[in-house]
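Open the model in your viewer and keep the sequence panel handy. We'll go from one spot to the next, selecting as we go.

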Amino acid sequence: MPNEGSYEAAMRRSNEIQADLGVHPEKYCMLTGDRPTGRLHLGHYFGTLRERVRLQDMGIRTNVIIADYQVITDRDTTEHIADNVLNMVIDYLACGIDPAKTMIFAHSAVPALNQLMLPFLSLVSEAELHRNPTVKAEQEASGHTLTGLLLTYPVHQACDILFCKGNIVPVGRDQLPHIEQTRLIARRFNERYGQVFPNVDGLLTSTPMIPGLDGRKMSKSYGNAISLSMTDAETTKLIRKSRTDSERNITFDPENRPGVSALLTTAGICTGRDPEEIATEIGMGGAGQLKRYVTEAVNDYFAPIRERRHELEQDMGYIHDVLADGNRRANEIANATLDEVRAAMGMVY
Ligand code: TRP
């Protein structure tokens with residue numbers, strides 16, 4: 001990791017905020033979101049969705065952006081985008097995100113948010129954009145040429161966070177450079193034009209990242225992801241065909257036995273048990289018994305969420321209404337912030 005010092009500092013800040021959230025929920029405004037490239041999976045659920053619900057239920061202002069424009073940062077098509085966006089709303093609601101408490105909206109539906117891009121771009125240098133490690137990693141992973149949209153990713157993400165004066169952003173460690181860029185933009189704007197934007201902190205998640213079924217990062221493109229929207233039968237099939245290894249005795253050893261260990265981690269997180277303990281219990285029962293155990297753990301845990309998901313799917317009118325209402329509220333907030341920005345810049349004619 002490039003900047004250990006700043007990681008330590010971010011961690012310390014994050015811990016202080018975690019401790020303060022319950023004491024002063026009114027001080028905090030959370031923004032986070034997802035790219036609508038497909039269905040949400042267990043990695044999203046345990047990595048962030050569950051945390052969003054927790055923050056929402058603590059009375060913190062919570063905002064979730066469906067980052068549709070980000071889909072084209074590293075690909076050439078918007079195929080299935082409407083379907084993906086609506087299903088993302090369904091996934092959110094099924095997991096317990098409550099639209100009465102959390103504002104759910106689409107990036108492309110909020111023009112004033114996007115207009116922050118122009119003043120913000122004037123506050124960053126080209127070298128800064130090229131240095132961002134997350135942008136570099138994303139570009140390499142995509143195998144696509146670096147588009148201007150991907151290069152300026154940290155700037156549009158700053159717009160997403162700052163339009164609603166978000167001051168906490170739940171992130172994984174790899175996303176910290178984006179938060180740093182947002183802090184810089186806010187600070188530079190305030191210094192140049194007067195105080196408009198808050199100080200932003202990353203809320204580092206303590207849950208270990210849940211691996212995909214092959215031990216790699218869970219991702220739809222690797223075919224190793226269990227989606228929230230899968231049926232029990234689809235889940236069973238995916239787990240059954242996941243790769244383990246030839247050693248019968250089940251042990252927890254992520255380094256040398258990625259497949260077996262990923263199954264144990266998944267079972268552990270769904271049952272609240274220690275993966276090592278599950279391994280010992282199964283022992284010579286082998287991969288077959290392990291797979292049956294994981295399948296049951298996942299299907300039991302997600303049964304209520306999937307049932308709710310199924311009900312929501314029957315009422316697409318409601319899903320459209322939730323999004324339209326979120327978009328309307330986001331526009332009100334974005335228009336007010338943009339007015340403040342223009343006033344600070346003396347652009348009131
Ligand atoms: N980039 C995030 C993702 O890939 C989604 C996102 C868009 C986001 N804007 C954001 C996350 C602002 C945090 C803050 O899923």
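In which loop is the place of Leu228? Select Leu228 and you land in the loop between strand 5 (201-204) and helix 11; helices (H or I, at least four residues) and strands (E, at least two) are DSSP runs, numbered from the N terminus.

A quick note before going on: this is a predicted model, where local features need pLDDT of at least 70, side-chain atom pairs count only at pLDDT 80 or more, and totals for chains, interfaces and linings use all residues. Residues are numbered from 1 along each chain as its sequence is written, and side-chain values use heavy atoms, with hydrogens and water left out.

Leu228 counts as buried because its relative accessibility is 1%; buried means under 20% relative accessible area, exposed over 50%, partly exposed in between (1.4 Å probe, protein chains only). Now show what touches Leu228, skipping neighbours within four places in sequence: the contacts include Leu40, His41, Leu42, Tyr45, Phe302 and Arg306. Contact here means heavy atoms within 4.5 Å. Next, pick Asn299 as well: from Leu228 to Asn299 is 71 residues in sequence, and 10.0 Å in space, C-alpha to C-alpha.

Where they meet, 20 residues from domain 1 and 17 residues from domain 2 take part in the contact.

Next stop: Ser242. Look for Ser242 in the loop between helix 11 (232-240) and helix 12 (258-271). Is Ser242 buried or exposed? With a relative accessible area of 9%, Ser242 is buried. Beyond the neighbours within four places in sequence, Ser242 is in contact with Leu213, Leu263 and Lys291.

Finally, zoom out to the whole chain. Colour by burial and buried residues make up 50% of the 349.
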